[in-house]
Structures are given as structure tokens and as C-alpha cells.
Amino acid sequence: LVGGGGAAPAWGPRAPFLVSPVLLAAAALVVARCWDGDGAAPSDGDDDGDADGGPEEPASALALVRSDPAILLVGCVQFLFETALAIFVLQWPPAVEGAVRELFGSDAPTPYGAVFSTFMAGCLLGSALFAALSPRRAGGDATAAVARTTAGMLGTAALSLALASRCTATAHAAPLLLSLV
């Protein structure tokens, strides 16, 4: 649909981004009309009729978030972290392209595939490290240990993004490329 004889010839490399909201809306419509839940039986003590034990309506979910500030705080941290990553995803191609031109000349090709593969390897490494550092047993204060591990992970991510931002702002290409790895 997007490639071949579809939208790509008309809109070029922007086609997936221009077509995706339409496909997302269509998927949301199909889910809203056809999906009735996960089909699990209600658990004991669950009398609200919802299969997973959660609130049935958005108003109930909002009331739950308002009643427990920890839920709101976790949501805010997730929102801010994902926002920083989204900004990074939109900004790294031009930053890397400029750094490659500065270091290797204006005719040098930018290795987008190699950089993206490195990002994916970093995600894999981060997931493996988080799993290794997270507590695996129920004894002790597992919540505090997870909180410390998460704080360390968020701190490392913030430092990496700050270093990449600083290198971009000061036009130092070599540290920028290293910070992205």
C-alpha cells in the first residue's frame, strides 16, 4: 500500500508518515467495533464484570490515577522519557549527517543503517543489563531495588542525551558520533 505502486511514488520517503495516521485510525475503529476484551474469566472477588480486574470505564481509571499519586508520577516519568526519545529520533539523522560531512567531507555517505543497528544493539544491551540488575526473588525490598535500577537507567539515558545535545550545539562532530554509540 505504501511502497511500490501506492503512496511512495507520489509522496516519496514521507509516505509512511503521511499514511500511518489513516491506518492507525482504521485499526482503532476495527478494535473499537470488534474487540470485546481478552475473553478471560473474571477472577475470584472481581465483581465489576471486567475480565482483567481493572476499571471498566475511563472515568474509573481517571479516578484511580487521581487517588494514587504514584500512578500519576510513573505516567509523567514515562511521558517525559518517551518525549525525549521521540525528539532524539527526529533529530539524530540531521545531526549525524552534519557530523559525517564535517569529519569525512561533503561527499561521504551517512551510514544510517549502521547507526540504527547500533541503536538497536544498545536497546538489546540495555534490556539485558536491566534484567540482570533487577531483583529476581520476592524476598527483601524488591520495589526499592527496582526503583534504584530504574533511576540509574534514566540517569544514564539523560546523560547520553545531554552529551549528544551538547555536542550538537557546539558543533563537535567526533564526540557526537561517540555519544550516539
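The protein has seven helices and zero strands; helices (H or I, at least four residues) and strands (E, at least two) are DSSP runs, numbered from the N terminus. This is a predicted model, in which local features need pLDDT of at least 70 and side-chain atom pairs count only at pLDDT 80 or more, while totals for chains, interfaces and linings use all residues. Residues are numbered from 1 along each chain as its sequence is written, and side-chain values use heavy atoms, with hydrogens and water left out.

View 1. Let's start with α4, which covers residues 69-104. Its 36 residues should span 52 Å at 1.5 Å a residue, and the end C-alpha atoms of α4 are 51 Å apart, which agrees; the expected span is 1.5 Å times one less than the number of residues. Look for the kink of about 40° at Q91, shortly before the proline P93. The bend at a residue is the angle between axes fitted to the seven residues ending there and the seven starting there. Just after α4, G105 takes a positive phi of about 100°.

**View 2. The largest nonpolar core.** Here you can find F88, W92, V96, V100, A108, V115, F119 and L161, eight residues in all. A nonpolar core is a set of buried Ala, Val, Leu, Ile, Met, Phe, Trp, Tyr and Cys residues joined through side-chain atoms within 4.5 Å. Both α4 and α5 give two or more residues to this core, and α4 gives the most, with four. Buried means under 20% relative accessible area, exposed over 50%, and partly exposed in between (1.4 Å probe, protein chains only). Across the protein, buried residues make up 15% of the 181 residues.

View 3. The side chains of E97 and R101 meet at 2.8 Å, N to O, in the one salt bridge that the structure holds. Such a bridge is a side-chain nitrogen of Lys or Arg within 4 Å of a carboxyl oxygen of Asp or Glu. The two residues are four apart in α4, about one turn of the helix. E97 counts as partly exposed because its relative accessibility is 23%, and R101, at 45%, also counts as partly exposed.

**View 4. A nonpolar patch on the surface.** L125, L129 and L133 form this patch, with about 320 Å² of accessible area together. Patches are made of residues with over 30% relative accessible area and no salt bridge, where like charges are joined within 9 Å and nonpolar side chains (Val, Leu, Ile, Met, Phe, Trp, Tyr) within 5 Å. Accessible areas come from the Shrake-Rupley method with a 1.4 Å probe; for residues, only the protein chains shown count as cover. L125 sits in helix α5, residues 112-133, and is exposed, with a relative accessible area of 53%.
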